[in-house]
Amino acid sequence: MFSSARSLRMQVLATLALLNGASAAVVSQDTLVRRRAKTGVNIGFLQPEDDIVPVSELVTSSELETETGVKKEFPYYHTSQELQSEALRLVKSCKHGASIKTLTDRGVSIDVVTIDSKKPNPANRVFLLFGEHSRELISPESGLFFLKALCGEVSLASDITNVEKVLEDNTFQMVLNGNPRSRRIVESGQYCVRENPSGVDLNRNWDEMWKGTTNNRADTNPGPHPFSEPETRIFKQLVTEFKPTTFLTVHSGTKGMYMPWAYDMHHLAARNEPAMMQILKLLDAKHCKCPFGAAGKEVGYSCPGTSLDWVYDQMNTPYSFAFEIYGSPEENEDLENRWKEKIKSGAVSLLQEGHHLAHSHFSDIYRQHASDFVHLRCNEEESLQAQRNDQCFSMFNPDTKERYEEAVQNWATAYLEMAHHIREQISANQTAATAAAAAAAVAAPPGKLLA
């Protein structure tokens, strides 16, 4: 038996967290089953001898997270409950038009926040997806800081634009917590969990050159079929309805900024490629100083089923990006030095000529700094489940308040400047198209109408 009621409640709650939204046939959302047994507590199907324990009598998930895990070790991070509460608060107090809604699929609920442009039909519609991988806590944290900036609560250190100017012709929609069930497990202290509770990598479950695997224990398990997971079905619904002109998914574990293709080992993404490359080049100089460019074309390995490729291809989105925004300081220093050497030896010219980061010129970087979007071989990704929790946390997330604050400020500013640069490009393209049409009209033979 357990030494105290508190210990009992803690263990029951921990077990419930692992169930993560199990169906009502197993355990309801309002009650838990406490089964008396010599071996301790078991949660499962109702039996006549079971005691029904209201959830209100148990410790809450926030209490568990406070006593163990991320809130105890890194109190400047937010729990899932705090992310949701902050989003609700910001929407109510936002200086600009803002709304929040919740989509639910098979018991999985995901919140999405929209910040409206000052114009009814903005030129740029920006969709941001944070937290596809639960262990990458800094991704949603940067999104929350960006939301605070858009709502006028914090300032960003941009020297080229500001929130008021950007919101004149940009609207934003963002998912702050893309993997909520597994994130709660990470918050309890299991810092290596990447997939959803079904063991599926949400960033391999999209229907873009999806490829199954027999190794379901891999960190990159794509699931039994495309969009098999409630999370990715919700993402698909959101981006389909929003119809973004700009899409960004945010990750961590190293630093890099990528554009399509991630899946293709033989072809480059041709549509809007120079424009996307120019955006990445501008952002890299100020915010990353890291590898940037087309992700995929690897020797021996492709990266199928990603949101990056699906949105670009299926939604015809002109600007589709994936950012990896944090690696440990030691990793970052080595990565930055290696990248500087590549730049000196002609890296930018290779990228502008249409080569992927998979080119042999860059291969040594990715042997030392594994990326979720650039791999050398399928079996090179190390299973981090065997790593210590503290190693996982520091590999993917800032482990001091100073590093945390630097990361969220830097990348929230990068998101704002990304929208600014893209809006400038769209405006320039529209002006050029208008001028070309006018010139064609002047050049047309008298009395002949242009088609």
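These are notes on a predicted model, point by point.

1. Basis. Residue numbers run from 1 along each chain as its sequence is written, and side-chain values rest on heavy atoms, with hydrogens and water left out. As this is a predicted model, local features need pLDDT of at least 70 and side-chain atom pairs count only at pLDDT 80 or more, while totals for chains, interfaces and linings use all residues.

2. Confidence. The mean pLDDT (the predictor's confidence in each residue, from 0 to 100) is 78, and 67% of the residues reach 70 or more.

3. Overall make-up. The protein has 15 helices and 11 strands, taken as DSSP runs (H or I, at least four residues, for helices; E, at least two, for strands) and numbered from the N terminus. Of its 451 residues, 53% are buried, where buried means under 20% relative accessible area with a 1.4 Å probe, protein chains only. Among contacts with a separation of 6 or more, 77% join residues 24 or more positions apart.

4. Helix α9. This helix covers residues 273-288, and its buried residues include Met276, Ile279, Leu280 and Leu283. The buried set also takes in Glu273, Asp284 and His287. Just after α9, Lys289 has a positive phi of about 50 degrees.

5. His251. This residue lies in strand β8 (residues 246-251) and counts as buried because its relative accessibility is 0%. The His251 side chain makes a polar contact with the side chain of Glu136 at 3.2 Å. A polar contact here is a pair of N or O atoms within 3.5 Å; within protein, one must be able to donate a hydrogen and the other to accept it, and residues adjacent in sequence count only if both atoms are side-chain atoms.

6. Aromatic pairs. The whole structure holds 20 aromatic pairs, defined by ring centres of Phe, Tyr or Trp (its six-membered ring) within 6.5 Å; planes under 30 degrees apart are stacked, over 60 edge-to-face and the rest tilted. Phe130 and Tyr415 form a tilted pair, 5.7 Å centre to centre with 55 degrees between the planes. Phe130 is in strand β6 (residues 124-130) and Tyr415 in helix α15 (residues 401-443), so the pair ties together parts 285 residues apart in sequence. Both residues are buried.

7. Aromatic cluster. Phe74, Tyr76, Tyr77, Tyr191, Phe393 and Tyr404 form one cluster.

Definitions and conventions:
Buried means under 20% relative accessible area, exposed over 50%, partly exposed in between (1.4 Å probe, protein chains only). Contact means heavy atoms within 4.5 Å.
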